[in-house]
Amino acid sequence: MTSLHTGAAASASAPASASADGRTAGAAPGPAPRTRDPRRAAGLAVRYLLLTAVLVLTVGPFLWQLSTSLKGNGERVFGYPPQLVPHHPTLRHYGEVLDTVPVLRYAGNSLVVAVGSVVTNCLFGSMAGYALARMRFRGRAVAVGVFLATMIIPFESIMVSEFLVARSLHLTDTLLGVMLPLAASGLSVLLMRNAFRRLPAEVEEAAVLDGAGEWQRFRSIALPSARGTLAAVAVFSFVFAWDDFLWPLVVLSDPAHYTLTVGIQYLSGTFTNDQRVIAAGTMMAVVPLLALFFALQRLFFRGAGEGAVKG
């Protein structure tokens with residue numbers, strides 16, 4: 001009896017002592033609260049500030065042009081503080097662009113040049129890239145260096161020779177002459193080369209054992225494995241051809257053959273001085289690029305990674 005009473009008293013006194021200490025006996029102490037590292041917090045703040053600055057520099061002009069194109073005639077375009085959101089937005093200036101210049105004809109010419117550039121860059125770039133990546137021949141390293149050099153040389157330094165070649169071929173004042181310098185680029189070749197280099201050699205060796213020729217391996221094995229890079233090449237080619245202004249301005253003389261970038265310049269000073277109409281014209285030129293990018297963005301980012309230019 002004495003031992004039972006003694007054990008009960010001990011068990012009754014244990015919770016009392018635990019409550020007095022503020023914690024139960026044998027319980028593990030909780031984790032200490034984390035304190036944010038000041039250096040890490042400062043680095044994160046600087047990173048977000050830089051990202052915000054880059055966002056403002058890249059997206060800011062586009063938003064400003066969009067805002068200007070939607071402003072009414074009574075709203076100011078320039079002034080301080082700047083007015084980004086129109087008080088009375090209107091689409092009337094887009095109609096004025098259509099009435100001032102034949103935008104649809106110019107856009108059709110630009111579309112022909114851009115689509116032709118996409119087809120030729122995807123075709124010639126993939127063929128040259130496959131030859132540089134999978135074939136063995138003398139002078140291959142020199143050819144890679146030449147393609148790299150073409151990415152460094154500015155177009156203005158070879159523009160005169162390009163014009164002489166186009167004139168000798170009787171391609172001046174034609175859309176084919178506009179497309180000629182854009183038919184193949186070093187960037188397209190090198191992107192496709194690096195994409196094909198990622199293809200495992202065992203896949204092609206198995207195809208060779210099955211009797212597949214060079215052209216069949218290129219068409220049935222290499223190209224399907226580089227669809228993402230083909231999309232990236234297509235986007236780059238379309239953007240470069242659609243945005244090109246200097247070469248079409250030099251080689252074209254008939255207004256019926258003008259591309260959109262050349263035709264839109266008539267909105268500035270020739271037929272109108274209204275900055276709202278000029279902004280509406282530039283926005284109409286940007287919309288097809290945005291539509292193409294958003295349609296192919298998934299393939300574009302995958303292709304930009306698999307065909308990135310490496311040293």
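Leaving aside neighbours within four places in sequence, with which residues is Trp242 in contact?

## Basis and Trp242

This is a predicted model, in which local features need pLDDT of at least 70 and side-chain atom pairs count only at pLDDT 80 or more, while totals for chains, interfaces and linings use all residues. Residues are numbered from 1 along each chain as its sequence is written, and side-chain values use heavy atoms, with hydrogens and water left out.

Beyond those neighbours, Trp242 is in contact with Ala107, Ser110, Leu111, Ala114, Leu260, Thr261, Ala285, Pro288 and Leu289 (heavy atoms within 4.5 Å).

## Nonpolar core

A nonpolar core is a set of buried Ala, Val, Leu, Ile, Met, Phe, Trp, Tyr and Cys residues joined through side-chain atoms within 4.5 Å. Buried means under 20% relative accessible area, exposed over 50%, and partly exposed in between (1.4 Å probe, protein chains only). The largest core has 48 residues, of which Val97, Phe196, Trp242, Leu260 and Leu267 touch the most other members. Helix α4 (residues 103-134) gives this core its largest share, nine residues; helices are DSSP runs of H or I, at least four residues, numbered from the N terminus.

## Aromatic pairs

There are eight aromatic pairs, counted for rings of Phe, Tyr and Trp (its six-membered ring) with centres within 6.5 Å; planes under 30 degrees apart count as stacked, over 60 as edge-to-face and the rest as tilted. Tyr106 and Tyr258 have ring centres 6.3 Å apart and planes at 45°, so the pair is tilted. This pair links helix α4 to the loop between α12 (246-251) and α13 (260-264), across 152 residues. Both tyrosines, Tyr106 and Tyr258, are buried.

Note on methods
Helix = DSSP H or I, 4+ residues; strand = E, 2+ residues; numbered from the N terminus.
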